[in-house]
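Biologist: I would like to learn how to read ring pairs, cores and sheets in a model. Could you walk me through one?

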Amino acid sequence: MRSGRLTRILRWDWILSPRQLEQERAIPQKKRTADVPDSDRVEEGTHSTFLASLNDEDVRRLNDLLPWSCYVLDERGRRFGKPWSTGKRATPQRIPDRRILELDRRFPLRDLVVLEVGCFEGIHTVALAGLARRVMAADSRIENIVKTIVRCAAYGRSPEVFVWNVEEGMPNGYDPTCDILHHVGVLYHLADPIRHLQQILRVVRKGIMLDTHVASEETARETYVSKGTSYRYLPYREGGREDPFSGMADHAKWICEGDLVRLLRDSGFRNVDVAERRQERNGPRVLIFASRC
C-alpha cells in the first residue's frame, strides 16, 4: 500500500470529510441507555462476554471504581470507562485502532511478540493481544496498569503488564525484548527522547510503529547533546505525575522528524516509512513504520 493511500485511510480517525460528516448525521438515532447522556450518539461497540453479562447499574459501578480518562462502547452502546472532559477523549475509542490494523498488515502479528510502551488504559492493548502471540504492556503510572488489567480482562485478554518509567532506563526485572515495538503517544512526553530510543531500539528484532508529535524546522530552536550528537528540539511544558496526559517530568523535548528518521536508520532499521504527517491542535505529528529488513 502506498503511503498516500494509507494517509487517506488513517485520516478517518482524526478528520471527517464533508461527505463523511453528512453520512454521520444521516445515521438514525438509536435507543439510548441510562448511563449515556442524550448529547452522545450511541453506536455499537466491541463485544465483551463479561460486559454483556452486566446490567446497567453494574456498568455504572464499574466505571466509578477507577479514575478512567477515556472510554469504549459495548455492544449495547454503553460506556466502559469515562471521558476525561467534554473536549478531551470525549468520544468512544475504537478497538482495534486503524493504525494497529495497518501494523498487522505490514508485520503479521500472529506469531510475534509485541511490546507496547505507554499502554494508558489498555484500549490498544486489547487489540494487540487479540492479534499477537504475546503482548507485553508497560506504563509509568500504576493506575494505568490496573486499568489496563481490568479492561483486558473484560475482553478475555491476558497481556503481561508492568510499571515502567522509560525516563529511568530499561526496566528492572523484566526482559522487554520483542519482535515489534508499539510506541504511540509517548515520545513527545519525554525529557530525553533520544536516550530512550537509543536504549529501547536495541531490543526490537523486527519493526516499530511510532506515532509522535515532532518539532518543525522553525520551532526547534533549542539544542541538547546525547552521546556526542547534538539534536534540535522544541521545549514543551508537561503537567507531571498528576496529569494523566503528561509525561512524568515537568517538560518534554519534541525532536525534528529528520533527526528521528536518521536515528531509526542508524539503529539498524533499514526501511523507514513516514506513512502519515498530520497537523493537530498541539502541533505536527507523524506516524512512522520502520523495519530492520
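Modeller: We will go through aromatic pairs, a helix, the nonpolar cores and a sheet. This is a predicted model, in which local features need pLDDT of at least 70 and side-chain atom pairs count only at pLDDT 80 or more, while totals for chains, interfaces and linings use all residues. Residues are numbered from 1 along each chain as its sequence is written, and side-chain values use heavy atoms, with hydrogens and water left out.

Biologist: How many aromatic pairs does the structure hold?

Modeller: A pair of aromatic rings is described by the distance of the centres and the angle of the planes. Rings of Phe, Tyr and Trp (its six-membered ring) pair if their centres lie within 6.5 Å; planes under 30 degrees apart count as stacked, over 60 as edge-to-face and the rest as tilted. The structure holds 10 such pairs. In one of them, the ring centres of Trp68 and Phe80 are 5.4 Å apart and the planes stand at 65 degrees, so this pair is edge-to-face. Trp68 sits in the loop between α4 (56-65) and β1 (71-73), and Phe80 in strand β2 (residues 79-81), so the pair ties together parts 12 residues apart in sequence. Helices (H or I, at least four residues) and strands (E, at least two) are DSSP runs, numbered from the N terminus.

Biologist: Are Trp68 and Phe80 buried or exposed?

Modeller: Buried means under 20% relative accessible area, exposed over 50%, and partly exposed in between (1.4 Å probe, protein chains only). Trp68 and Phe80 are both buried. Ring pairs also link Trp68, Phe80 and Tyr155 into a cluster.

Biologist: What kind of pair do Phe120 and Phe245 form?

Modeller: Their ring centres are 5.5 Å apart and their planes at 45 degrees, so the pair is tilted. This pair links distant parts of the chain, 125 residues apart: Phe120 is in the loop between β3 (113-117) and α6 (123-131), and Phe245 in the loop between β9 (229-237) and β10 (251-255). Phe120 and Phe245 are buried too.

Biologist: Which residue lies over the face of Phe245?

Modeller: A charge sits over a ring if NZ of Lys or CZ of Arg is within 6 Å of the ring centre and within 35 degrees of the ring normal. Lys88 lies over the face of Phe245, 4.5 Å from the ring centre. Lys253 is placed over the face of Tyr233, at 5.4 Å.

Biologist: How many residues of α6 are buried?

Modeller: In α6, 7 of the 9 residues are buried, so the helix is largely enclosed by the rest of the structure. Among them are His124, Thr125 and Leu128.

Biologist: Which residues touch the most other members of the largest nonpolar core?

Modeller: In soluble globular proteins, nonpolar side chains tend to be buried together. A nonpolar core is a set of buried Ala, Val, Leu, Ile, Met, Phe, Trp, Tyr and Cys residues joined through side-chain atoms within 4.5 Å. The largest has 36 residues, and Leu115, Leu181, Ile200 and Ile288 touch the most other members. Helix α9 (residues 257-266) gives the most to this core, with 4 residues. A second, separate core of 33 residues includes Leu51 and Met209.

Biologist: What is the strand order in the open sheet?

Modeller: Two strands pair if DSSP finds at least two bridges between them. The open sheet of 3 strands has the order β8-β9-β10, with antiparallel pairing. Its edge strands, β8 (222-226) and β10, each pair on one side only. Between β8 and β9 there are 5 bridges, and Tyr224 has Tyr231 in β9 as its bridge partner.
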